[in-house]
Amino acid sequence: MINLLLDNVVLASLLALIGLGGMFGGLLGYAAEKFKINSDPVIDTIDELLPQTQCGQCGFPGCRPYAQSIADGDAINKCPPGGQTTINAIAKLLDITAVPLDEEHGQEELRTIAYIREDECIGCTKCIQACPVDAILGSAKLMHTVIEKECTGCDLCVDPCPVDCIDMLPVKTSIDTWYWPSPENIPPSTTSAYTEGHAS
Amino acid sequence: MNYKQISSPQIHKRQSTDRIMQLVLIATLPGALILSYQFGWGVLLNLFISTLTCIVTEALVLKLRHRPINIHLGDYSAVVTAVLLGLALPPLVPWWVVVTAAIFSILIAKQLYGGLGSNPFNPAMVGYVVVLISFPVEMTTWVTPISLLPQGVSHPGLWDSGMIVFAGSVPIDGITGATPLDLFKHSKGLMVEQIYNSNRLFDNASIAGVGWEWANVAFLIGGLALLKARIFTWHGPVGMLGSLTLMSMLFWDAGSSSSPGSPLMHLFSGASMLGAFFIITDPVSSATSNRGRLIYGALIGLLIYIIRAWGSYPDAVAFAVLLGNFAAPFIDNYTLPRTYGHSQRRRATAKETDKNV
Amino acid sequence: MRHLWETPGGVHPPDNKAQSQTMSIGQVPLPKTLILPLNSAFDEVAKASVRIGDRVLKGQKIADIQGKLSVAVHASSSGFVTSIEPRTIAHPSGLSTPCIEITTDGEDRWIESKTYPHYQHIDPPKLCDIIAQAGIAGMGGAGFPSAVKLAIDGEKSVDTLIINATECEPYITADDMLIRERAAEIIKGIDVINCALSKPKAVLIGIENNKPDAIKALQEHCKGTQIEVVPVPTKYPSGGEKQLIYILTGKELPSEALPINIGMICLNIATVFAIKRAVIDGQPLISRITTITGQACDINRNYEVLIGTSVEHLLKLNGFNRERCSRLIVGGPMMGFTLSSTNVPVTKTSTCILAVSHQEMPDSSPPQPCIRCGLCAEVCPASLLPQQLYWYAKAADHERLQAHHLFDCIECGACSYVCPSKIPLVQHYRGSKGDILTARAEKTMASKARERFESRAVRLEKIDSQRETKRESRKLTSNNAEQQRVSGKPPLTTSAEDIIKAAQLRVQTKKISPEKQKAKLERTLIAAQIRLEEAQQRLADVLESGTVDQQTQHKATLEGAKQKVDKTQQRLAKIKLQ
């Protein structure tokens, strides 16, 4: 047998290659089963980068579906709440060029929070049903209120309100949240002079 | 009632970039004077042409880049580049060599990388190397030091020098010759003793060649003055001169035919001192931390010796500096100081998980 | 002599201390009003325990501790509470925070208070409580509640107590003068703290050697005690907590750790004095020594100032000249911040009011490019690479900033001080720190939002499936009943037609008639128009007198109202067309 192989170089190499192929194929197959990943980690990572406002401005019912769609090759510039920061982060992650925000889906604005004008609220619970993150408190025929800490500013509660008592107000900078702005944010004419409060 | 809001600190030391550059310029004066005394008008013509070209180029590029010309020209960085370049180029070299080098320094090596502070390589050295490689004949002809001129021959006057530089007149015999480092390079097979005896370059001073040693001493004095003024730290120069001394001591075999020269000869010839105090101390293109600068200097000293001894160029400061510039970011990565309150030194590449650098 | 360790870096700015030391500590005439901020430096606000109109006595507690890091507030003089509302305070942002305003009655009458001359017999926790109730917070600048520092839980122990009397900032001489005039009381204060800490092994007073008189005073009073007065070389910032610990003990405070983690406690010397007054004399923290200095003031002097006195009042007293003044600084020139108005109160942390002239601190020239000269790295007391941090800050590279230990920067300002290109390095770091912290907060918020979104989805699904099962079971029972009722007859079959018919019927009954819809829309339109008018009116008001914030807010409301009107009109038009 060995002699036969030694004599037939072609046969020997064929056998060796087939053997190797089988061995590594088996190994790969085993590894694929053993270390199987159930969900695509890229989707999770993209989802991590999205702002989780669940506002649906991208055209998807929530952030995760949009993350899924990006992983499948969708454009990365459909998220106005995340703005350019999010686009850049996703571009860096996926190693593609960062593009400006798609204006079709909305513009990047200051972060806002919903406030219910409580004396006008009729207690219809429509906003409660609309809120994607359960940030509105109240029950039927009783006044509702927004839990400020939990509101993502998604805007979804504004339209359903029949008496239009919800305002989206920009988040105010308080003494606790204020910090020095980087020098670039200061108008060049007054390089070091700085008079107005900084909105983060 | 409104007062300005300014982030602390509210006070600043009276030290500015233009002041630093001015001091560097002043410190080159002794060296420049000795060089002009030893090698004639050619040195001053070089300085003049290179300064003019650098300033004009800088101004034009700044205009193209829509940067305030006054502010950026006012930092004197272009003048420093020009002066270092002018001092490094051989006297009486044709004007277009100087102009090419100067334009290359400012345009390619400095402004195209983003201007002052952003250039990875020393602009003057880039300009120098470009013309050294492109015009080897012009660049390896040096003027004979004044004390070695043949009887009855003197350095050309201002007019004649101008004619040589601008109109291409051929200088009279005897005013150009080899440099000490050239001699060592091209005198293989001779004992050092024999070289010293056979050439008048080593007549009056046997350390590193007539004229050269005094120029180097002058640059050393200027450099020490800058060190005293705390314009740079001792780390770079000490690293470079130290490793150059060490290497030349290691391979100094008391003057056999294969010896590349004594330590003193290496320290005081060519552009050693100019390099150690004026070129590798350029903060922009060197390593950042003190330890890093020590290593950076040592690396350049090592390279200078290697190229001088076994390379094909007689002097090697420019090449060594450029190679050192290449290595600077790498050196930085491994020489970051330990932050207060941390047990480990930092790496510049730390937490680099999703970066493609 | 104790062995001293040398910190890396540091600078020697001109100290400018002599001009405010020509006179002893002065007294300030009682101001008409006192403004007492309720916030502490750590985002927590004390709870006001008085109401508008209440009469208060000097030393009476007017706000209680609420949450761990808030500080109790006391009336600095007797009078009436005239308002409790947000006021601008001495803060770099120039923003406002809740304050209690007291209009003084001129009597300056003390409340009856309890003194503890025999503090040696009081348990440490009780002593800490006395200190907390006296509203004592770090007076060196940070304003950390001292009682929280001193309340050591069982596992930790303190073997070294460090008293910080370095006062390394130029211009400030408040601690120096305090020591010169009241060293005996300070030493008693140290003894009180010793009791609260159950006698640490070593007590060190770190003081820069540019204050010979103060050192002499302390040494005289420390004779025969275990307290050691350690003069340290004058170098800014030797008074940084981390730096002083290293200079005195050679130990480094690990990153993000507190001194207590390595068995130490650091207190400012003015705080020690305040603790003495609180425990032994029963006087809560209602005044402090503040330096008023700078060439824009005719008189440069230290004063004992009631907390809440307005800066304006103090400046007037010292012949302040508005024209001469280029900027107004609270704290020293290296770490202090500028005030945008003089109408702010002195707080427990106001060490110095610095009114400098244009000659003293001319406006800084615009920054030039960084030439990587490395001077900043040479002077950094934390051995950071400021220029590297600067590049990364400009590139907003948060990961590398953190890898280069941005958060170990103590913002001492030495790097900006020496920078030949006049780059505002510290401000870059502050901005980046803020950005990174905001990003972190946003990340936590996002993950919280995701959690809530997901749990909501789960809940909705559960409700749906419950409804489904209920419907199924109801259908089943009704079917069974039907079958039983018509038993014998063939079971009913429901054709597709029937289902559609039923559905159409349902829709018909549900549909609101166009008239009703129209009426509703018209009502909405009227309401929206009224709101629009109101919004316009309000906007017009604030445009005249309101702040920028208010204006933008009202503009937003107006815009929203306009949109609503447009939308309703469109919908109305649609219905009319139909």
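Let's start with salt bridges between chain B and chain C: there are two, a salt bridge being a side-chain nitrogen of Lys or Arg within 4 Å of a carboxyl oxygen of Asp or Glu. B:Arg230 forms a salt bridge with C:Glu378, with 3.3 Å between the closest N and O atoms.

A word on the source: this is a predicted model, where local features need pLDDT of at least 70 and side-chain atom pairs count only at pLDDT 80 or more, while totals for chains, interfaces and linings use all residues. Residues are numbered from 1 along each chain as its sequence is written, chains are lettered from A in the order in which they are written, and side-chain values use heavy atoms, leaving out hydrogens and water.

Back to chains B and C. Their contact (heavy atoms within 4.5 Å) takes 49 residues from chain B and 67 residues from chain C. About 5200 Å² is buried between chain B and chain C, with carbon and sulfur atoms giving 51% of that area. Buried area here is the accessible area, with a 1.4 Å probe, that two parts lose on being put together, summed over both.

Now, the backbone. Most residues other than glycine have a negative phi, and most peptide bonds are trans. Helices here are DSSP runs of H or I with at least four residues, strands are E runs of at least two, and both are numbered from the N terminus. In chain C, C:Tyr236 and C:Pro237 are joined by a cis peptide bond with omega about 0°; C:Pro237 sits in the loop between strand E11 (227-232) and helix H5 (241-249).
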